[in-house]
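Please look over the sequence and the model below before reading on.

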Amino acid sequence: MATLKDLTPEAHRLLSEQTLELASWAFGNAGTRFKVYSTAGTPRDPFEKIDDAAQVNAFTGITPRISLHIPWDETEDYGALREYAEERGIQLSNINSNVFQDDDYKFGSLTNSDPHIRRKAIDAHKHCIDIMRKTGSDTLKIWLGDGTNYPGQDSIRRRQDNLHESLAEIYAELDEDQKLLLEYKFFEPAFYHTDVPDWGTSLGQVQALGDRAVVCLDTGHHAPGTNIEFIVVQLLRAGRLGAFDFNSRFYADDDLMVGAADPYQLFRILNEIIDADALDTPVSGVNFMLDQCHNLEEKIPGEIRSALNVQEMTAKVLLMDRAALTAAQEAHDVLGANQIVWDAFFTDVQPLLAELREEKGLDPDPLGAFRRSGYLEKIAADRVGGVQASWGA
Ligand code: AFD
Ligand code: MN
């Protein structure tokens with residue numbers, strides 16, 4: 001069992017200053033291609049999503065940012081939305097493009113063989129950049145559903161060339177203080193090949209653009225058994241790890257609560273982050289985000305639980321004696337080195353986290369405190385009528 005005194009002053013600072021970015025779409029209705037279930041109280045617009053995100057931050061103290069998704073979060077007045085968010089302690093952050101839900105993109109968006117479709121997709125990203133200038137966002141996040149379903153359907157090589165050309169035009173549109181975040185996913189919605197399927201493709205494409213293009217690693221976007229922490233090391237060494245989309249999976253891109261399927265994997269990922277001194281986002285430039293869909297569980301509690309899961313694994317890693325680990329590694333003390341990692345993973349950090357929250361003036365039990373707040377009952381009663389937000393599939 002560990003308490004705050006078991007942390008070094010620097011580890012205490014890192015844990016205390018840790019932040020995560022929430023996704024606006026986590027608060028909307030979500031589901032699968034078979035059914036999107038609705039929940040009483042679901043937000044009807046980005047303002048209500050910000051209200052819900054502000055609840056997660058109010059009880060956890062570590063989620064002061066929100067990613068928006070365009071057009072799902074399209075609004076008349078982004079200045080008003082930004083002001084509304086900032087009044088509630090929430091910063092509008094990454095802008096996620098969406099060129100995967102329009103019939104014109106059936107055979108691809110930025111990779112499409114038809115230059116008119118590519119133009120439409122590029123312009124959709126330029127629209128996102130315009131929005132970034134109004135929200136004060138510094139990152140354009142791109143995930144493409146582009147790919148093919150059968151061998152021979154299209155030219156894999158020409159699509160890569162089209163992708164580079166399209167991304168280069170989008171990248172050139174960015175202001176000097178803005179960056180491009182390219183996310184990969186190994187399959188779905190395309191089933192034979194995906195145009196940005198893996199970290200190597202994303203890395204190659206961003207390196208061809210310039211220094212302000214980086215990779216987004218979504219933890220649910222790898223084939224089963226992938227050593228994700230290895231990819232973390234490689235992208236960090238290349239100086240191109242821009243962000244995580246944290247979630248967890250049992251089978252595919254399940255978008256489940258981070259850590260729920262494999263907390264040890266989350267621990268190992270954070271271990272490589274801390275080993276590389278990359279946890280401190282303002283210094284490392286690595287943004288830690290949640291990208292999840294709460295199909296069945298209540299959304300705000302699901303986001304609180306997820307943020308606490310990341311915080312818990314981070315605390316465990318920060319407790320590890322890295323000097324002893326390095327010494328054991330250099331001595332080829334296999335069992336000793338593994339024992340250090342193992343012991344850290346199984347350390348109970350709840351007392352430590354309770355102390356940390358009390359230091360911040362927060363309830364030591366964020367989830368219980370939120371449930372006692374009555375917020376869920378209030379929004380279920382107040383948010384009647386209108387059209388509930390969903391990811392619009
Ligand atoms: C979907 C994609 C990807 C992306 C997110 C937001 O799989 O993870 O980051 O939508 O566009 O989950
Ligand atoms: Mn993602």
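In which loop does E188 lie? E188 is part of the loop between β6 and β7. The model is a predicted one, and the angles and distances given here are computed from it. E188 has a positive phi of about 75 degrees, although this residue is not a glycine. The peptide bond that leads from E188 to P189 is cis, and its omega is near 5 degrees. P189 is placed in the loop between β6 (179-183) and β7 (193-194). In E188, then, a positive phi is found together with a cis bond to the following proline.

A cis peptide bond also joins I70 and P71, here with omega at about 20 degrees. P71 is found in the loop between β2 (65-69) and α3 (78-87).

An N or O atom in the side chain of K141 is 3.1 Å from an oxygen atom of the ligand. For the side chain of D218, the distance from an N or O atom to an oxygen atom of ligand 1 is 3.1 Å. In the case of H221, a side-chain N or O atom is 3.2 Å from an oxygen atom of ligand 1. On its own, ligand 1 has 300 Å² of accessible area, and the protein covers 92% of it.

The last topic is the aromatic rings. The count of aromatic pairs comes to 17. Why is the pair of F267 and F345 classed as edge-to-face? Planes over 60 degrees apart count as edge-to-face. The ring planes of F267 and F345 are at 70 degrees, with the centres 5.3 Å apart, and the pair is therefore edge-to-face. This pair links distant parts of the chain, as F267 belongs to helix α8 (residues 263-275) and F345 to helix α12 (residues 334-345), with the two phenylalanines 78 residues apart.

How values were computed:
Residues numbered from 1 in each chain as written. Chains lettered and ligands numbered in written order. Predicted model: local features only at pLDDT ≥ 70, side-chain atom pairs only at ≥ 80, totals over all residues. Heavy atoms only, no water. Polar contact = N/O pair within 3.5 Å; in protein donor to acceptor, adjacent residues only side chain to side chain. Areas by Shrake-Rupley, 256 points an atom, 1.4 Å probe, with all protein chains shown as cover. Phe/Tyr/Trp six-rings, centres within 6.5 Å; stacked < 30°, edge-to-face > 60°. Helix = DSSP H or I, 4+ residues; strand = E, 2+ residues; numbered from the N terminus.
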